[in-house]
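Thanks for coming, everyone. Let's look at the model together, and then go through the spaces inside it and the packing around them.

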Amino acid sequence: MTTSHYIAGHWVEGQGSDCISVNDPALGQPFAELMAASVSQVDQAVAAARSALPAWKSTCASERAAFLRGFAEQLGQRREALVALQMRNNGKPRHEAEIDLDDAIATFGYYAELAEQLPSKNRTVPLAAPGFTARTRLEPVGVVGLIVPWNFPLVTSAWKLAPALAAGCTVVLKPSEVTPLIEQAYGQIADALGLPAGVLNIVNGKAETGAALSNHNGLDKLSFTGSNSVGSQVMRSASAQCRPVTLELGGKSAIVVFDDCDVDQAVEWIVAGISWNAGQMCSATSRLLVQDGIADALLPRLQAALENLRVGNPLTEEVDMGPLTSQAQWLKVASYFATARGEGLQCLAGGHALDREGWFVSPTLYTDVPKDSRLWTEEIFGPVLCARRFATEEQAIAEANDSRFGLVATVCSADLERAERVADALEVGHVWINSVQAVFVETSWGGTKGSGIGRELGPWGLSAYQSVKHVTRCLG
């Protein structure tokens with residue numbers, strides 16, 4: 001049994017009713033277990049964050065920056081252990097796990113720099129009216145709850161934790177019950193750095209723990225990344241208390257390929273957009289829109305590329321794609337395979353679970369998928385790609401935008417003027433042109449429509465944890 005809750009600067013055993021099994025998805029077997037935090041322990045964590053807030057928000061910005069740089073350095077020192085845990089608990093190939101760690105390190109380093117710039121953000125406001133002066137203060141929003149998902153643990157928590165601490169907030173972090181172990185590194189680092197007790201608290205658990213945190217009246221803000229179904233519950237909890245939220249939710253993103261593309265290069269971008277993390281990404285470009293003039297050349301090569309992906313256990317094999325992270329996700333993706341068969345979809349590659357131990361599925365391609373198919377409209381969260389053809393630029397834009405989601409998109413074209421024009425017309429939060437999904441900490445992350453509220457990363461990520469105050473003084 002693992003002790004995995006970090007409250008008020010101490011590691012404590014869970015007192016909740018749920019026992020959490022931590023699984024190796026490549027084997028379909030548990031390798032650790034822990035008891036969830038109780039509702040009372042969530043109360044204790046929020047109380048600890050509230051008690052620590054006055055001193056932490058008064059800490060000078062340079063001192064907070066030093067702590068953030070310490071997190072970055074300590075993550076680097078734990079590199080091999082954290083990479084191995086990502087591979088074992090998530091099923092990520094080594095190169096993906098290494099990129100995750102590099103992303104987390106870069107995030108803490110970036111927000112350390114922004115933290116140092118905070119004093120200059122408090123400034124005088126010019127007024128047209130005589131006899132008054134005004135100034136702006138950017139203050140921490142307060143105690144924040146952070147709920148993060150299982151597909152990118154360590155990363156999504158860094159995207160929230162680093163800017164929150166930089167702003168002067170104190171936090172209660174709840175990792176996913178599917179991947180509860182890797183975020184323990186943040187508590188260990190807090191101990192090593194001497195971070196004041198209560199500034200960072202970590203509680204693990206299932207739905208009961210998550211509900212206790214999202215409903216807690218001791219929070220000033222909640223930031224959630226996960227499914228739309230849970231996100232709507234979080235939003236209802238926030239609305240009951242008129243509390244601000246940041247929600248990073250689902251996607252059903254399009255990749256638009258024009259007929260002037262190099263076929264092999266386009267295939268590379270398409271495969272990366274659907275197979276990275278076994279397609280378990282809110283940003284997976286799972287809707288392929290391919291122009292008529294290139295479709296007959298591209299689709300057979302895409303079929304071959306997907307069939308040639310090396311799928312296996314990242315701890316024992318050289319692989320391109322690992323397993324799905326949980327049995328629940330494996331069953332969900334398998335249900336979409338059954339739906340595709342029921343709808344009579346044309347399957348060019350995959351379309352089935354793999355007959356081996358662990359939670360593996362085949363990289364899959366369906367073609368000429370009707371726009372009313374569930375596979376075209378619903379987020380599957382697996383390596384399942386649906387393709388349709390288009391004739392004109394206007395048609396491509398219309399079909400790409402015909403979704404209740406609006407997270408990301410990719411545009412592939414040798415005509416850069418057209419690519420930029422299409423990117424501007426797409427109703428999403430982030431567009432890549434002729435690229436894999438490179439995410440940089442300096443740019444924003446978040447979507448439109450049903451893909452969420454607010455932005456993470458960049459200066460927008462810091463602003464999400466700040467409150468704006470103006471002080472106006474009469475000179476008379």
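First, the classes: Ala, Val, Leu, Ile, Met, Phe, Trp, Tyr, Cys and Pro count as nonpolar, Asp, Glu, Lys and Arg as charged, and the others, Gly among them, as polar. This is a predicted model, where local features need pLDDT of at least 70, side-chain atom pairs count only at pLDDT 80 or more, and totals for chains, interfaces and linings use all residues. Residues are numbered from 1 along each chain as its sequence is written, and side-chain values use heavy atoms, with hydrogens and water left out.

Now the cavities. On a 1 Å grid over the protein atoms alone, a cavity is a set of points where a 1.4 Å probe fits but cannot get out; lining residues have an atom within 4 Å of a point. Grid points are joined across faces, edges and corners, and a volume is the space filled by probe spheres set on the points.

The largest cavity has a volume of about 70 Å³. Its lining has 17 residues, with Arg-287, Ala-400, Phe-405, Val-408 and Val-428 nearest the centre. By class, that lining has eight nonpolar, five polar and four charged residues.

What is the volume of the second largest cavity? About 60 Å³. Its lining includes Lys-252, Glu-378 and Glu-379.

Last, Phe-108. Leaving aside neighbours within four places in sequence, Phe-108 is in contact (heavy atoms within 4.5 Å) with residues including Leu-68, Phe-71, Leu-161 and Tyr-186.

Definitions and conventions:
1 Å grid on protein atoms, 1.4 Å probe; cavity = no way out; pocket = protein on both sides within 12 Å on 5 of 7 lines; lining within 4 Å.
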